[in-house]
Amino acid sequence: MQHPDQKYLEALLNNDTALIEEVYRKYSGKIKWMVLQNNGKETDAADVFQEVLLSIYKKIQNEKFTLTCPLEAFLYTACKNKWLNELRKKKLDKVTMHHFDVYNIDEDSFKIIEEINLQQARRDLLAEKLRELCEDCRQLLQLNWSGKPMEEVATILNITYGYARKKKCECMAELVTLVKHSAEFNLLKQ
Amino acid sequence: MEPWFQKIEDYLNGQMSSNEQLLFETEMAKNEALASAVTVYRQIETDMRQGKKYGGDENKLRQTISNLNALYFKNETRQNIANLPVKETNPFKQTTPDAPPVKALNQGKLNWGYKVAIAAGITGVMAFGITMYLKNKPANSSSEENTITDTLNKKNKPDTFFFKQNSSKDAIVQNDTIIVRPDKNGKNIEVANLTTATLFAANFKPDAAPVEKEGPLEKAFVLYENKKYIEAIVAINEADINIVTRGEEDEQKFSLFYTAYYKALSYMATDHIQSAIPELKNAIVNSPDNTYLVKARWYLSLAYIKTGELKKAHVFLEQLANNHTHSSYQTKAQQLKEQLKQIK
């Protein structure tokens with residue numbers, strides 16, 4: 001059954017500043033507190049909160065989902081998981097965690113949160129590996145991903161269509177290799 | 001490059017004949033590395049194309065979130081949390097009506113969190129009391145420019161607030177700083193100790209939006225006028241500065257000033273003083289005329305009072321107190337300077 005807090009998800013979709021501000025007013029303090037309690041700084045809390053909100057936005061853009069628990073519990077669990085991942089990267093996840101399991105949420109909500117965090121981790125990894133490519137590759141790939149047909153990409157970059165196609169494959173080969181050799185590759189496999 | 005990548009591209013884009021497709025899929029079934037490369041390739045294409053597809057809307061949301069992050073994390077944390085023991089600021093102890101049951105919480109003595117909350121409560125009650133008092137004042141005692149500071153200093157007038165030191169025999173003297181007001185019999189009664197917070201609350205009133213609102217900041221001015229300060233900040237940030245730079249020279253100067261000035265006032269109205277200070281400095285640098293320069297200095301001095309940087313506040317109050325061209329601000333600054341002396 002849809003929770004009344006579904007309105008906040010719609011607010012993200014519509015960039016409804018007043019409602020998004022309400023989300024910050026109501027919940028940011030708790031996320032901040034959770035991060036500060038667990039080896040984090042204020043900037044970490046800000047990043048976690050921001051990224052989780054953006055991840056939720058991306059999720060509902062592609063596939064609407066129904067919120068079946070209060071947003072507070074949903075956000076807290078998503079931020080907690082996200083922060084735990086960050087701590088794992090820093091090898092700090094073995095230290096005692098404080099007040100991590102504050103909410104019990106239903107299985108469906110938990111699955112959505114897992115999905116959201118996974119998608120975000122994948123996007124972060126791709127962004128990181130994309131930065132390792134040369135400028136020419138980045139430019140070509142981004143133009144192509146923006147929806148432009150390869151003929152138009154070739155014109156913009158002042159290269160032939162044939163070379164653009166060949167170059168894209170070279171760039172993708174490099175990117176796929178970088179991703180597959182990364183420590184986080186198993187995320188992409190899921 | 002591995003020879004397969006051109007084929008992967010063709011396969012995923014549906015550019016293979018059915019025979020080629022069959023051969024490719026057969027090869028994938030035998031070749032694990034190829035199958036894995038296709039999976040990763042497809043995932044990258046899907047993720048990146050989705051990101052680009054919604055890029056425009058996402059950028060707008062990013063801007064909103066970025067603004068709110070600045071308001072709710074960086075400043076709030078720096079001011080209210082960083083200086084307090086982290087374990088004592090558990091926000092779950094605050095009652096939120098729609099919060100689900102919470103487990104594993106610290107239960108203990110009155111802590112810093114509560115003390116801060118109580119202090120905030122007292123300040124709130126005081127502010128409410130002052131507001132109610134002002135609302136109930138006779139109409140002829142108020143004006144557009146009338147702030148509590150104005151009335152605080154009209155000594156010996158029983159129908160107004162005023163600041164007075166140790167003057168009432170009924171007042172309880174604490175730290176030599178008391179705000180007293182007359183009761184219905186004209187007798188002075190204490191309402192609160194004077195602190196930087198109470199001085200700020202008594203003096204801060206957001207300036208009116210410009211009468212002429214047309215231009216890139218029009219939306220922001222309307223929001224500001226309707227006290228939608230957060231939205232006003234977002235609207236200012238989103239305003240197309242290129243339109244400003246294409247305007248007349250005077251218009252440009254004003255727009256540049258308004259951007260900083262009204263953002264600062266919106267920050268102050270939402271109690272994000274640290275964010276307001278750099279904006280007010282910008283406003284002072286870009287002030288288009290002497291009136292706005294005076295106003296920006298006034299608000300900057302109030303911001304410094306709120307943050308407890310009294311020496312800095314004093315510098316700006318001194319400038320205002322010596323400025324004879326704007327007598328109302330001159331008077332207010334002189335009075336505020338005197339009141340600041342009472343704060344230890």
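Helices here are DSSP runs of at least four residues, numbered from the N terminus. With that settled, the place to start is Lys227(B), which sits in the loop between helix H8 (218–225) and helix H9 (229–238) of chain B. One caution before going on: this is a predicted model.

Lys227(B) has a positive phi of about 60°, although it is not a glycine. Most residues other than glycine have a negative phi. Is Lys227(B) buried or exposed? Lys227(B) has 12 of them, so it counts as exposed.

Asn158(A) is in the loop between helix H7 (150–157) and H8 of chain A. With 6 other C-beta atoms within 10 Å, Asn158(A) is exposed.

Chain A contains nine helices and zero strands. Read along the sequence, its pattern is α-α-α-α-α-α-α-α-α. Of its 190 residues, 39% count as buried. If we take the contacts in chain A with a separation of 6 or more, 74% are accounted for by residues 24 or more positions apart.

Chain B has 344 residues, of which 32% count as buried. Its secondary structure comes to 15 helices and three strands. For contacts in chain B between residues at least 6 apart in sequence, 48% join residues at least 24 apart.

Next, the nonpolar cores. How many residues does the largest nonpolar core have? The count is 89. The residues with the most contacts inside this core come from both chains: Ile31(A) and Cys79(A) on one side, and Ala264(B), Leu280(B), Tyr299(B) and Ala303(B) on the other. Setting aside neighbours within four places in sequence, Tyr299(B) is in contact with Ala264(B), Leu265(B), Met268(B) and Leu280(B). There is also a second, separate core of 23 residues, which includes Leu126(A), Cys171(A), Ile8(B) and Ile44(B).

Phe204(B) lies in the loop between helix H7 (196–203) and H8 of chain B. What does Phe204(B) touch, not counting residues up to four places away in sequence? The partners are Met268(B) and Leu302(B). Phe204(B) and Met268(B) are 64 residues apart in sequence, and their C-alpha atoms are 8.4 Å apart.

H13(B) is mostly covered, with 14 of its 18 residues buried. What follows H13(B) is Gly308(B), with a positive phi near 85°.

Towards the end of chain B, Gln342(B) lies in the segment after helix H15 (327–341). Gln342(B) has 16 C-beta neighbours inside 10 Å and therefore counts as partly exposed. The C-alpha atoms of Gln342(B) and Thr195(B) are separated by 8.9 Å, while along the chain the two residues are 147 apart.

Last, a helix pair across the two chains. Two packed helices are described by the angle between their axes and the distance between the axes. Helix H8 of chain A, residues 161–180, packs against helix H1 of chain B, residues 4–12, at an angle of about 105° and with the axes 9 Å apart. Angles of 65 to 115 degrees count as roughly perpendicular, so H8(A) is roughly perpendicular to H1(B).

Which residues meet there? From H8(A) they are Lys168(A), Cys169(A), Met172(A) and Ala173(A); from H1(B) they are Phe5(B), Gln6(B) and Glu9(B). By type, the residues of this contact divide into four nonpolar, one polar and two charged.

H8(A) itself has 20 residues, which at 1.5 Å a residue should span 28 Å; the end C-alpha atoms are 28 Å apart, in agreement. Its buried residues include Lys168(A), Cys169(A), Met172(A) and Ala173(A). Cys171(A) is another buried residue of H8(A), and it also belongs to the second core.

Definitions and conventions:
Residues numbered from 1 in each chain as written. Chains lettered and ligands numbered in written order. Predicted model: local features only at pLDDT ≥ 70, side-chain atom pairs only at ≥ 80, totals over all residues. Core = buried A, V, L, I, M, F, W, Y, C linked by C-beta atoms within 7 Å. Buried ≥ 20, exposed ≤ 12 C-beta atoms within 10 Å, placed from the backbone. Contact = placed C-beta atoms within 7 Å. Axes fitted to C-alpha atoms, helices over the stretch in contact; angles between N-to-C directions. Helix = DSSP H or I, 4+ residues; strand = E, 2+ residues; numbered from the N terminus. Parallel < 35°, antiparallel > 145°, perpendicular 65-115°, else oblique. Nonpolar A, V, L, I, M, F, W, Y, C, P; charged D, E, K, R; others polar. Expected span 1.5 Å × (residues − 1).
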